[in-house]
Amino acid sequence: MVRKKFRLRKIKRLFSIMLFLVMLLGTGLLSPTFAYTTAEKSIVQSLPDAQNLVDQGRKHYEAERFAQAAASWQQAISAFAQGDELTLAMTLGNLSLAYQQLGQWNAAEEAISQSLNLLKATKPNPQVLAQILDIKGRLLLAQSKPEDALNIWQQAASIYQKIDDTNAIIRNQINSAQALQTLGYYRQAQKTLEESIQILQQQPNSPLKVTGLRSLGNVIQVTGDLATSRQILQQSLEVASSLQDKQAVAEILLSLGNTARAEQDIPTAIKFYQQAANAATSPSTSIQAQVNQLRLLLETEQIPALTALSSQIQAQLSNLPASRTAIFARINFAQTLTQFKKKYTTDTLSWLDIAQLLSVAIEQAKNLEDKRTQSYAVGVLGGVYEQTQQWNDAQQLTQQALLMAQAIDAKDIAYRWQWQLGRLLKARGDIKGAFVGDVGAAIAAYTEAVNYLQALRYDLARVNSQVRFSFREEVEPVYRELVQLLLQPQGNSQINPENIEKASETIELLQIAELENFFRNTCLNTRTITKKTNQTAAVIYPFILPDRVEVIVNLPQNRWLHYSTTIDEQEVQTTLKQLQEDLRKPHTLRQVQSLSQKVYNWLIQPGEVALVENKIPSLVFVLDSWLRNIPMAALYDGKQYLIEKYAVALSPGQNLIEPKPLQKDLKIIAAGLSESRSGFSALPNVKQELETIRSELPSSILLNQEFTSKSLQDLINSLPFPVVHLATHGQFSSKAEETFILAWDDRIYVKQLNNLFRTVEQNKPEAIELLVLSACQTAAGDARAALGIAGVAFQAGARSTIASLWNLDDESTALLMGKFYQELANKKITKAEALRRAQLALLQNPQYKRPLYWAPYVLLGNWL
């Protein structure tokens with residue numbers, strides 16, 4: 001090991017780090033189109049040398065040698081004859097593109113400004129002007145100015161429409177859709193993309209149609225509509241195949257592999273990657289496909305195939321010309337080998353081999369003056385040193401990579417190096433460190449990583465596909481490890497109250513991040529509210545860590561309580577899974593009480609005295625992981641269930657939910673299915689449930705054939721109904737595409753609810769006060785299935801949601817709901833208390849005293 005460490009240090013000395021003050025360019029847009037003109041001749045011909053330099057710059061750019069492209073175009077600009085303003089303007093536009101790829105924003109802005117000024121000074125060619133405006137739009141979006149970018153692209157669009165440039169219109173629409181997504185206007189973005197599809201469908205087969213469809217499929221894949229992405233990419237593949245364009249076919253197969261991987265269809269993804277590698281005429285595309293395939297072979301533990309493919313990639317890499325794509329392929333290859341080395345003991349692969357791969361990547365990135373790629377390669381090499389526990393070298397490399405990323409404002413990779421730095425400092429025992437105040441070096445690094453992730457909320461869709469996030473592996477752990485550090489005791493000292501509050505805030509940020517990952521967009525940004533001091537309820541944050549369960553309690557007047565239970569994470573998971581299964585069975589009362597008492601002792605018992613002393617009437621839980629699938633009302637102290645002592649509610653966080661009492665006269669839309677439909681069984685008790693509701697409060701009923709998505713939407717839009725009650729099959733899952741409720745005509749998926757309830761927004765008077773889903777269930781075996789409940793609630797715009805964790809077609813449901821609405825009509829009690837009284841009514845009924853009957857119903861959101 002000593003010898004290997006020495007050789008690794010020798011490799012590290014092979015390169016030096018150079019920094020430039022530049023910023024990030026996101027690459028979620030279509031590949032840029034160079035400015036050009038279809039005119040036969042310019043008014044004044046440019047010098048032959050200048051034209052050669054322009055062509056040379058194009059070749060460099062297409063080969064991803066952006067610094068060389070910029071140099072060629074700079075020389076060309078100096079060589080142009082006076083009076084050749086049009087060609088000069090086009091070259092300046094292309095120069096701006098090269099500077100954007102290099103992250104040299106000031107230079108990019110200066111070049112595009114000079115280009116536009118030249119065009120304004122003469123009678124501009126409309127086509128060239130529109131293209132230059134497109135390039136400026138890219139620059140503005142990369143500088144986090146989506147509104148300005150959208151305005152510029154709209155100007156370009158009007159020009160393209162006047163000159164009837166269909167392909168340019170499509171390109172422009174796709175770029176505009178990206179800006180709309182960044183601004184949070186997802187329906188408008190989707191509509192824009194659909195318009196592009198309609199135009200493309202009318203075109204004859206051509207290379208441009210292939211490119212347009214593939215680019216559109218890639219953009220839609222990023223937004224999370226994977227089925228549509230695959231459909232469009234398949235059409236693009238058919239067109240490319242008809243044109244016998246092998247390279248285009250390979251690139252589409254690569255995109256299809258990426259979509260299949262996002263769908264978790266690993267066998268299909270591997271098949272697409274294999275086909276792409278075989279079809280590609282470009283070595284870079286072939287290597288990309290093989291590296292992606294290699295990662296999936298590791299995930300599925302196909303070791304013989306992985307070993308064979310690894311040797312094949314290794315042989316091909318040495319002959320690959322240097323480019324950004326080739327360098328990222330080398331880095332990704334090294335990362336997969338690192339994961340393999342961590343997981344399996346092997347003598348055929350050494351850490352030195354991986355370090356050498358990365359040292360070549362660093363040198364190539366340095367020669368290309370590609371600071372972004374260089375930062376990524378250096379940081380990944382720092383990760384290799386982390387694995388060999390060479391802490392000093394690992395920290396130096398990580399800090400170098402971080403400085404490079406910060407210099408170009410590349411938040412999507414800077415967060416990784418802050419996270420890596422935090423891990424290194426933690427491993428070295430520098431938790432408290434020498435940073436300002438109480439916050440230690442490791443905590444400070446983790447905090448900055450979280451800050452970067454928060455800043456990236458609006459840009460994740462534009463992140464370079466070569467370094468795109470895996471939420472479970474590369475985002476969620478940052479939040480979890482920060483909470484673990486904040487709540488880690490130091491010797492005999494008490495946890496700092498500021499750290500406790502910061503940990504609760506980090507837990508809430510993770511809740512928001514999970515929901516946004518659920519929707520694959522920042523759907524929650526417009527609903528975030530200012531946190532207010534809670535007056536009566538205690539907010540409880542249980543958090544599962546590898547070696548313990550941490551609990552934070554926020555008492556009235558913003559007082560904090562903290563306690564933990566040392567227990568292995570696997571034991572926690574096993575207990576919760578078994579409890580979830582037993583709760584749904586009719587004859588497991590003793591097992592349920594035993595397991596739920598165990599969970600009670602983790603979450604409630606250590607803080608019970610404080611809750612009693614403060615006379616707390618309601619408990620609001622911000623739940624984590626498997627805990628979301630357990631009804632907190634069923635926790636048992638040995639004598640009583642929690643619901644017998646407290647009203648209980650769930651919340652994704654105090655920053656997302658603003659508690660407000662019910663302010664309207666109760667009018668209800670009640671819809672349901674009692675008959676079997678679309679392969680789902682009949683729910684004969686639903687009819688009684690709806691009739692019970694009608695007997696308690698003014699209601700409009702939609703039953704069976706009457707309950708279609710359109711009839712429900714029409715009824716919602718006709719009059720303000722503060723309560724919508726849906727008694728129908730449905731499923732909550734951690735995946736949006738598997739979360740739905742069933743209407744007579746079709747499933748209504750969670751992402752469609754925003755359209756279905758399009759007149760309701762939380763900040764408007766006609767918002768839905770309460771959404772009740774009484775016959776749904778969480779997906780079996782899904783630790784995060786209850787995340788779908790929050791997803792449904794937010795998409796519907798409901799201030800409060802009551803949902804069932806398991807489907808119970810029984811007359812007990814009608815009894816519970818009747819009692820709930822009867823209590824809710826009494827405006828002096830909260831929704832949480834109304835649900836509690838309804839649950840107690842069943843609990844006190846000998847026929848329904850088991851948790852099976854009264855426990856599945858949970859209240860999420862505004863509990864007042």
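Lysine 585 is partly exposed, with a relative accessibility of 39%. The side chain of lysine 585 meets that of aspartate 582 in a salt bridge, at 3.9 Å from N to O. Aspartate 582, by contrast, counts as buried, because its relative accessibility of 5% falls under the 20% limit. The model is a predicted one, and the chain averages a pLDDT of 83.

**Salt bridges**

- The structure holds 26 salt bridges.
- One of them joins the side chains of arginine 416 and glutamate 474, with an N to O distance of 2.9 Å.
- Arginine 416 belongs to helix H20 (residues 411-427) and glutamate 474 to helix H22 (residues 471-486), so this pair ties together parts that lie 58 residues apart in sequence.
- Arginine 416 counts as buried, at 8% relative accessibility.
- Lysine 645 and aspartate 637 also form a salt bridge, in which the closest N and O atoms are 3.0 Å apart.
- Lysine 645 is partly exposed, with a relative accessible area of 24%, and aspartate 637 is likewise partly exposed, with a value of 24%.
- A network of salt bridges links Lys819, Glu823, Glu833, Arg836 and Arg837.

**Nonpolar cores**

- In soluble globular proteins, nonpolar side chains tend to be buried together.
- The largest nonpolar core in this model comprises 242 residues.
- Leu603, Ile604, Leu619, Phe621 and Met632 are the residues with the most contacts inside that core.
- Leaving aside residues up to four places away in sequence, phenylalanine 621 touches Ile540, Pro542, Ile604, Met632, Leu642, Val648, Ala649, Leu650 and Ser651.

**Confidence of the prediction**

- A pLDDT of at least 70 is reached by 86% of the residues.
- Among the elements of the chain, helix H25 (residues 589-603) has the highest mean pLDDT, at 97.
- Helix H1 (residues 2-12) has the lowest mean pLDDT, at 43.
- Residues 1-30 have a pLDDT below 50, and this stretch has 87 contacts in the model beyond near neighbours in sequence.
- Residues 36-47 also have a pLDDT below 50, and this stretch has 21 contacts beyond near neighbours in sequence.

Note on methods:
Residues are numbered from 1 along each chain as its sequence is written. This is a predicted model: local features need pLDDT of at least 70, side-chain atom pairs count only at pLDDT 80 or more; totals for chains, interfaces and linings use all residues. Side-chain values use heavy atoms; hydrogens and water are left out. A salt bridge is a side-chain nitrogen of Lys or Arg within 4 Å of a carboxyl oxygen of Asp or Glu. Helices (H or I, at least four residues) and strands (E, at least two) are DSSP runs, numbered from the N terminus. Buried means under 20% relative accessible area, exposed over 50%, partly exposed in between (1.4 Å probe, protein chains only). pLDDT is the predictor's confidence in each residue, from 0 to 100. Contact means heavy atoms within 4.5 Å. A nonpolar core is a set of buried Ala, Val, Leu, Ile, Met, Phe, Trp, Tyr and Cys residues joined through side-chain atoms within 4.5 Å.
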